[in-house]
Structures are given as C-alpha cells and as structure tokens.
Amino acid sequence: MTEDPTHQRSGVRCRAGRNAVMARRITLCRPQAAAVEVATADPCVEELESPTPGHLGTDGVMLQGFHWESHKTHPWYNVIRHKVPEIQGAGFTHIWLPPPSQSVSPEGYMPGQLYNLSSAYGNEQQLVELNEALKAAGIAPLADIVINHRCADSQDEHGRWNNYHDDHDHEGHSIDWGQWAITCDDHEFGGQGNKDTGDDFWGAPDLDHTNSHLREALVHWLQHLRDNVGFTGWRFDFARGYGAKYITQYVEGSGTQNDLNVGEVWTDLHWDGTTLGKNQDDARQRICNWIDGTQRRSTAFDFVTKGVLQEAVKHCEYWRLADSKNKAPGLIGWWPQRAVTFVDNHDTGSTQRHWPFPSDRVSQGYAYILTHPGMPCVAFDHFFDWGSKLRGEISALMQARRDAGIIAKSKLQILCAEGDMYVAKVTGSKGSLVLKLGPRYDMGPLLPKPEEGWTKAAVGKDYCVWIQQEGEAEAAAAAEQ
C-alpha cells in the first residue's frame, strides 16, 4: 500500500507533538529578569578582520520559503516551484525550505525516518524538481535540518519510545538506532548515551552528538540531501540544543563549508523588568561564541537585531539603534559577515506570533535590514501574502540594495539615533544609501541633497531611503561648476 505522505504513522511517538516544538522558545522572547553574566572571550568586534573561510553566500538576500501553515497546501513544493520566476525576478539569491523528512508533526520539526522524504510538503521527486528549478534560476536552496532530536518508531519493554527503524534504502550508516543514541539526561525515553551538550528539548528524545557513529550517520544523510536531493546548505534548527563544535563536522563532512549555513541560536535578551535593556552585549556575545564554536563554519540568525529593532519602532525609541560605540546594537554591529537578519519567521510571526514584529511597522523593519550590513532574510508571508503594497516596498528596498552594491560587511555610519529619528549611511561597492527612520520630518543638515547626486529610492510610513550611485556626487559637483 502506498503511504499517504500527509499521514504520519501511528507507531511513531514523541512526548508532546506539535506544541512541544515551540515550548523551548517562547520564554526567550518575553521580558525576563536580567540575564546572568557569563564568562566570555574577547568580544567578536576584535575578530572582524579575521580571515573568512569560503564566501558563505552572505552577500545576497534570502527568502524563507514557507510559513507555519504551508504544510496544509499540498504539495507545497510545487507551489514554490511555480513561484521560482517571481522569486528570481525579485532578486533573491537563497531560499530556506522546510524540514524535508517524515515527521510526527506536519510542520516537520518532529522528524522520524530521516531518509523518508515524503512529508506534508510533498514527495522526494517534487523536492528534487524544486531544487533543480531553483538552482537553474541561480537560487541556492537550504534545508531546515532538525537533528537535535528524533522521534522513535517503537517502544522498549518498559513502554518507552526509544527504538529507531531504518525503512528506506540508502548508502552510508544505518539509522536504526537504540537507547545508546539518546542522551542520558532524557530519563523518560531511557537514554543511555552521554549527557546532553546543549539545552534540553523536552518534546522528543535528544540525540547524543558525542557519539561518533551517530555523527557519521548524520553526515551521510546530509551528503544524500546535497548530492541526490540538490540542497546547497543548511539551516540548523534549535542549534542551542547540542554543542556548536559538532556543526563543524556536519558542514565539512557534507561539503557545504563554502556555502551558506545558518544556525537558529535564539538568545535571551536583557530586560529591565518589562523594558528591554539598553545594553545587549551579553546576548550578542553568546551568538558570537556559538559561531566561534563552529570554527566559523556557520552564520547565525541575528535575534538581537530583531529584538532591539522591534522595540525601537514600537515605542518610538530610535536611540536604541546605536550602541555605546555608535555601532549597530545587534550582531551586525560586531560581526556582520556572520549575521542573518530578519523581521519575522514561522515561529516569531506567521500564525504562531510568538514574538511578532509590530504589524503596522513591518515595512520599517525591512527598510532597516535591507539597507544595512548582514544578510537579510524575508518572510514568505510578508512578500507573498500581505498584499501588493508591502511586496512593492520590499522589492524597492531590495533593488536599492543591489543598485548600491550593499553586502554583508558594507560600511555602516550612524549619523543620528535619537528618540524620534534614526539616520544612517551605508556604503556599498556601487554607491551609498541613506536610511531615515522615525516620525520626525525635519532632518536638518542630514537631509540628502539632490545637488550632491542623492535621489529617493524607496519611501513608506516613517521611513525613506536615498541612493547616491558611484560617480553621481562627482557628476553633480561638475555640473555646478
């Protein structure tokens, strides 16, 4: 009998199903007590000039190719394949696709049979055809890799779900694991492995990444996804759940070290009661430490920039957008080459809305990340589902970024960061952009002058972007003479 890819087998069990996927994250975005001080190495600002292995693909713009409800539109892979011309035309260089494997939860974040690529999003052939179409259009597909935990297929004699099967033919190590593959901290699942090397995920058995046989099996699976399915890089889900050092083997072993890999390192921010603290250095240092732990084989999502930016626009506190050294307050202020910025994703926004950007300020969020250093990631909902006005604004901002040649490590100069106005200049390889955020109308001497070659490139509610392309300032000056 052919298995319906949208139906999950009743024999596969994890502790809490779909709701467990987000339980690990929700508290991180709510106001907390002041963060505990941690001993760290020197801030990553010291490492900005260090050599970067590979290009890492961070000089483009990524699209998240799904939202929380995408699995309900089957097959989702075909939906995206039909949109490839639009995605290419908008200028996206990378796309982050949903978890590819069979999963207890239809969203894909409770995986079981890793080599079974028939999921609620479609089947393996549809996924291969999608990746082929994307790469033919010059768009690099990233797979959402969920390897912190894995749901078992059967119970042991004590009724604990800890026996894994391997029901699909494949090259490389088998994945018919047992209790040895589960961390010993997971008592409910009878884990017999070593202690967990990261944060616990209570919804499913945490995998013991200290086990070399398990790691090699995961590398073989990643190689299959690259060589036979067509992925070029990885988005590591819940990367806080296991030691960062293991990312090095997963990236190098699968041959993606010169391409984009990005970790979900959802970091606690510092709160003074219910008010976001001014100094978020501890939070961004933790992300830097994780990146260093991977031997710089991965970038990381810039949760600090998201948290600070949405508080700034929500409360008209644009002073937040400069730190004590007049640098950007998020990871992009310290290590922009390793920062993937975003406004919302399937967890923070979409229909879950666990930590959403203010809905009426989303365009300001994109005005910031699409003009600033780092690699921006655009939410699928915002580009395709929120209407033509927002899509047009995002498209105009992406065009301005390309026209000025802005890349991840472009120079940022913050000209003003006050209560009701933020102004910054970003210099690219083909020109410069000036961004103004906030309700203040009078920019005074900071207003870009047409006679100096500045023209408006994008405008929306409480933001404006000007561009000065290379040579325009000199041409304007010559015309004055």
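A: A pocket here is an open set of grid points with protein on both sides within 12 Å along at least five of seven lines, and its volume is the space filled by probe spheres set on the points. The model is predicted. For the second largest pocket, that volume is about 270 Å³.

Q: What makes a residue part of the lining of the second largest pocket, and which lie nearest its centre?
A: A lining residue has an atom within 4 Å of a point. The second largest pocket has 15 such residues, and Lys436, Tyr441, Met443, Leu447 and Trp466 lie nearest its centre. Two elements give two or more residues to this lining, β16 (455-460) and β17 (463-469). β17 gives the most, with three residues.

Q: How do the residues of this lining divide into nonpolar, polar and charged?
A: The lining of the second largest pocket has eight nonpolar, two polar and five charged residues.

Q: Why is the pair Asp156 and Arg160 called a salt bridge?
A: The rule asks for a side-chain nitrogen of Lys or Arg within 4 Å of a carboxyl oxygen of Asp or Glu. In Asp156 and Arg160 the closest N and O atoms are 2.9 Å apart, so the pair meets the rule. By this rule the count comes to 20 salt bridges.

Q: Is Asp156 buried or exposed, and how do you know?
A: Asp156 has a relative accessibility of 11%, and buried means under 20%, so Asp156 is buried.

Q: Which residues are linked in a network of salt bridges?
A: Asp144, Arg235, Asp237 and Glu264 are linked in such a network.

Q: What makes a set of residues a nonpolar core, and which residues have the most contacts inside the largest one?
A: The members are buried residues of nonpolar types joined through side-chain atoms within 4.5 Å. The largest nonpolar core has 123 residues, and Phe236, Tyr366 and Tyr368 have the most contacts inside it. Helix α5 (residues 212-229) gives the largest share of this core, eight residues. A second, separate core has eight residues, among them Met421, Val423, Cys464 and Trp466.

Q: Which residues is Phe236 in contact with, leaving aside its neighbours within four places in sequence?
A: The contacts of Phe236 include Ile145, Ile147, Tyr242, Ile247, Tyr250 and Val251. Glu264, from the salt-bridge network, is also in contact with Phe236.

Q: How many of the residues in the chain are buried?
A: Buried residues make up 58% of the 481 residues. The chain has 12 helices and 17 strands.

How values were computed:
Residues numbered from 1 in each chain as written. Predicted model: local features only at pLDDT ≥ 70, side-chain atom pairs only at ≥ 80, totals over all residues. Heavy atoms only, no water. Buried < 20%, exposed > 50% of the residue type's maximum accessible area, 1.4 Å probe, protein only. 1 Å grid on protein atoms, 1.4 Å probe; cavity = no way out; pocket = protein on both sides within 12 Å on 5 of 7 lines; lining within 4 Å. Helix = DSSP H or I, 4+ residues; strand = E, 2+ residues; numbered from the N terminus. Nonpolar A, V, L, I, M, F, W, Y, C, P; charged D, E, K, R; others polar. Contact = heavy atoms within 4.5 Å.
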